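My entries follow the order of the search.

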Amino acid sequence: MSLTHRLVNRLRLRHWSLLSALGEVPTLNQASARINVTQPSATKMLADIEQAFDFALFERHARGMRVTPLGAEVVAYARQAQASLDRFMEGLDLKRRGGHGHLVFGAIMGAAPDLVARAVADIKRERPRLNVRILGETSDQIGILLERHEIELAVGRFSGPLEHNKFNFVSLTDEPLRAVARYGHPLARRRQLRLRDMVDWPWVLQTITSPARVLLEDEFARAGVSTPADMIECTSIFATLQLVQSSDAIAVLPESVVRDHVHARLLSSLALVVGRDLKAFGVLTRKDEQLSEVAAAFVGHLQRNVAMPATGATKPRKSGVLQRARKRTAIPSATSAR
């Protein structure tokens, strides 16, 4: 293996940072403090570096270390590389402040087709070069991502009784649910349906940790029936739609997700009222953290789109949530997220 390949395989940025620090301070203890590692860790890192180069970079003395002639060249390169990386990151940050940057958030599947899609389109018109990533599909998924700092905000709802201790919540609107099956399904011809009539059919359900599944289980209990025995648990909306279209399975999904499929005669909406007690979804943010300017602007677009729904979109149920959202002027940013 060539020296270049050996270095690429064994050395990381932290190793080069240590070499750069050793070019500025005389002891390994001081260098380890500069890059925020312990001295034993720095000692091992230096041993790994010298083993990768296959020669000594420093001579050890009682009062510190002295760089060897070959080591001086390596240290000089490390300092140049560190300076180049610093300049690159500074330039990248300047570009971000100038309108580039990124927005990473989570969204439940019920919000994505309508509200989230319009808000993303709005902010991309303002900032065409903004990098947008949308993660997750259910409230429990995006709650985990938000807690891990993998996303900056989430469009969803609380999925556990203690999440209000970790997250702020500003409601947006309701998420009507519809029971659906493939087009031409025998149950689609029924004008009235009860859960008792449906439990013997196959079902595709969200995982038990999702709020919609918890609500559906409550409705099974109120109807005096057990959870369907023939069941597939699925967190992917796309997989759920494909499974329902290609089998006799039933699913309960957000109306915004199934609307186009029903209009295209890929799915049939079943005559079952479900999900009346599902709480409104909204914006979730971590407590005591300020949103970035980009994220705050995106939340503003979400709230404006709630107040001005798209032409032809299905109106939410009359729960009062939409009216309250229209009156809300604050967004979870530098002030309200605290």
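I worked on a predicted model, in which local features need pLDDT of at least 70, side-chain atom pairs count only at pLDDT 80 or more, and totals for chains, interfaces and linings use all residues. Residues are numbered from 1 along each chain as its sequence is written, and side-chain values use heavy atoms, with hydrogens and water left out.

Entry 1, strand order. I found an open sheet of five strands in the order S9-S8-S10-S7-S11, with mixed pairing. Strand S9 (231-233) and S11 stand at the edges with a single partner strand each, so one side of each has no neighbour in the sheet. From one strand to the next, the twist averages 35°. Strands (E, at least two residues) and helices (H or I, at least four) are DSSP runs numbered from the N terminus; two strands pair if DSSP finds at least two bridges between them.

Entry 2, strand S7. I looked up the partners of S7 (residues 177-182). With S10 (residues 250-254), S7 pairs in the antiparallel sense over four bridges. Arg-178 has Leu-253 as its bridge partner in S10, and Ala-179 has Val-252. With S11 (residues 267-269), S7 forms three bridges, also antiparallel; there, Arg-182 is partnered by Leu-267.

Contact means heavy atoms within 4.5 Å; axes are lines fitted to C-alpha atoms, for helices over the stretch in contact, and angles run from 0 to 180 degrees between N-to-C directions.
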